[in-house]
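This report goes through a single protein chain, from its overall build to a few local features. The sequence and the structure come first.

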Amino acid sequence: MADKNQLFQHFHPDEHAFVEKVTDWFNTVIDQYAPVVTPFLNPREVAIIMMIIGHNEEVKVDFFGGYPGAENQRAVLAPGYYDIQPSDFEIVAFDIHYAAKFNSIEHRQILGTLLGQGVERNRIGDIIQAKGDWQFFVDAKIADFLEFEVDKMGGYKVKLVRINQASQIIQPISDWKPMEVTLSSLRFDTFISEGFRIPRAKAKILIEGGAAKLNWGQVLDAKRPLSPGDIASVRGFGRLKYVATLMETKKGKIRAQIELIKNK
């Protein structure tokens, strides 16, 4: 593996701390000849690990979030000879039992309840739903604690029930809504302005005020350029995904395919 300072050249300064973590995990595997399981990672962190480790012969890496297509996943880094198994990811899935006929709960209430127990965000994986059914994934080390402590969410009585069979995991419904927009540039503030239909000046204030994130990291630079695959989130507004560039107009504007999750 390259020296840390050499690796830093390929990543934004905001990502250097995570790059350093990846090199530490790598070195632990090399030194101890044993696998390392990471906290839950967002897609950008997954991509960084792949860029750093890739197809290294000494250390292999695999990812899993509890079900196929999970957004938040744990990584297992292991010696090249090690056969990584699903159990190595140490993930427990819970089904939330509640009186769905009379009550409704939301993603923010579930996450807020879990964080309210003093649980760090990176120990919680995806929270998924389909037709009023809710499930979530957590680090196995906190499963017993949550099962014992959590009995209410959003003011409603709930019971957390462990899921032991993969067939019991629901097929989540995507909240992303496809859109097409015309961008005058690929600046961060322009993207937020067009995606949420707000003035660019307001988008700039939100970014510089710390209310916006890009690829799960806080970015204060309104001029930061975007690339396909980038995901932006703005507190109080929702999330935007830059899917693809469709065409460039004669006037130099960019017709882009994006996806949106708007806060309710």
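The secondary structure of the protein chain consists of seven helices and 15 strands. Its radius of gyration is 20 Å, close to the 18 Å that the globule rule gives for 264 residues, so the chain is as compact as a globular protein of that length. The model is a predicted one.

**Overall build**

Taken along the principal axes, the box filled by the C-alpha atoms of the protein chain is roughly 55 × 55 × 30 Å. Of the 264 residues, 44% count as buried. The accessible surface of the chain is about 14700 Å², and carbon and sulfur atoms hold 50% of that surface.

**Helix 4 and its neighbours**

Helix 4 covers residues 107–115. Its buried residues are Gln109, Ile110, Leu111, Thr113 and Leu114. What do these buried residues of helix 4 pack against? Their partners are strand 4, strand 5 (124–130), strand 6 (133–139), helix 5 (143–149) and strand 7 (152–153). As a general point, an α-helix has 3.6 residues a turn, so residues three or four places apart point the same way.

**The second largest pocket**

Strand 4 also takes part in a pocket. The second largest pocket has a volume of about 240 Å³. It is lined by 14 residues, and those closest to its centre are Phe64, Gly66, Ile91, Ile163 and Ile169. Strand 4 (residues 91–97) supplies three residues, the largest share of the lining. By type, the lining divides into 10 nonpolar residues, three polar and one charged.

**Two loop residues with positive phi**

Lys131 has a positive phi of about 55° although it is not a glycine. Asn215 is another residue other than glycine with a positive phi, near 55°. Lys131 is found in the loop between strand 5 and strand 6, while Asn215 is in the loop between strand 11 (212–214) and strand 12 (217–218). Is each of them buried or exposed? The table gives the relative accessible areas.

| Residue | Relative accessible area | State |
|---|---|---|
| Lys131 | 78% | exposed |
| Asn215 | 16% | buried |

The assignments follow from the cut-offs, because buried means under 20% relative accessible area and exposed means over 50%. Lys131, at 78%, is therefore exposed, and Asn215, at 16%, is therefore buried.

Notes:
Residues are numbered from 1 along each chain as its sequence is written. This is a predicted model: local features need pLDDT of at least 70, side-chain atom pairs count only at pLDDT 80 or more; totals for chains, interfaces and linings use all residues. Side-chain values use heavy atoms; hydrogens and water are left out. On a 1 Å grid over the protein atoms alone, a cavity is a set of points where a 1.4 Å probe fits but cannot get out, and a pocket is an open set with protein on both sides within 12 Å along at least five of seven lines; lining residues have an atom within 4 Å of a point. Grid points are joined across faces, edges and corners, and a volume is the space filled by probe spheres set on the points. Helices (H or I, at least four residues) and strands (E, at least two) are DSSP runs, numbered from the N terminus. Ala, Val, Leu, Ile, Met, Phe, Trp, Tyr, Cys and Pro count as nonpolar, Asp, Glu, Lys and Arg as charged, and the others, Gly among them, as polar. The radius of gyration is taken over C-alpha atoms; the globule rule is 2.2 Å times the number of residues to the power 0.38. Buried means under 20% relative accessible area, exposed over 50%, partly exposed in between (1.4 Å probe, protein chains only). Accessible areas come from the Shrake-Rupley method with a 1.4 Å probe; for residues, only the protein chains shown count as cover. Contact means heavy atoms within 4.5 Å.
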